[in-house]
Each structure stands twice: as C-alpha cells, then as structure tokens.
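Have a look at the model first.

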Amino acid sequence: MGVIKLKNIRTFSYHGCMIEEGKIGSNYTVDLKIKTNLQQSAETDDLTDTVDYVHLNKIVTEEMAIRSHLLEHVAKRINIRILNEIETVEKTTVSVSKINPPISGDVESVTIKMTEIRK
C-alpha cells in the first residue's frame, strides 16, 4: 500500500446553513489522503499505473462547487465519488475547513474529517 496526499486545496464556496453564506460565500481548504497500491507505478514510472492527483483535485473542486448546508455532506460526496471513479483506491480521508466561520469569537477555522473504506 501507499499514500497520496493533496494538502491545502483552496476553494471559494457557498456552504452553510445561513442564507447569507449561500450568497456571500467563504474561503475553504481541503486536505485529501488516499490509500492505494503504488508498487506497480513505482516500477513502471507510468501515470496509467497510479492514481492521478489531477483527477483527485478535479473531484474535490467540482464537489466543493456544489452548495451544501453541512461540511459533512460535502466530505461524504468527495469520498464516495473518489471510490466510485477510481477503483484502485482502498481508503479515502478528507478534511474540509471553513476559514473564518461566522460564529461568535475569534475562530480561525472549523474542520470536519471523514473517512470511507472500500467495501
């Protein structure tokens, strides 16, 4: 097994339960970690033998563009889509952070983290 990580994918998205969040939007960051077999690609040096991180980034940015009330919903969609589209991925973990969330106090970000395992 091996691990591929995409760190600090930045998006401007419109998630949240408040009406204003859907109109104004906010900055988000996403961290993604997938587990897959990297042995063949390590031997062949061929992109077709591994998980293309361009594809992973595309999934994240496309799912982050779809408005949701809860970050959990977005994270679940990202994880499930990765497992559905990339059959060599065994496990995926995504962390979605809302930067400067609209809550009382001085809070830099709020983050949720979810994992899905291929069944």
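This is a predicted model: local features need pLDDT of at least 70, side-chain atom pairs count only at pLDDT 80 or more; totals for chains, interfaces and linings use all residues.

Residues are numbered from 1 along each chain as its sequence is written, and side-chain values use heavy atoms, with hydrogens and water left out.

Start with the fold: the chain has 4 helices and 4 strands, where helices (H or I, at least four residues) and strands (E, at least two) are DSSP runs numbered from the N terminus. Their order from the N terminus is β-α-β-α-α-α-β-β. The C-alpha trace spans about 50 × 25 × 20 Å along its principal axes.

How much of the chain is buried? Of its 119 residues, 39% are, buried being under 20% relative accessible area, exposed over 50% and partly exposed in between (1.4 Å probe, protein chains only).

Now to the charges. There are 16 positive and 17 negative side chains, with the centres of the two sets 6 Å apart; Lys and Arg count as positive, Asp and Glu as negative, and His and the chain ends are not counted. Each charge is placed at NZ of Lys, CZ of Arg, CG of Asp or CD of Glu.

Finally, turn to strand β2, residues 26-36, which holds Lys 33. Lys 33 is partly exposed, with a relative accessible area of 34%.
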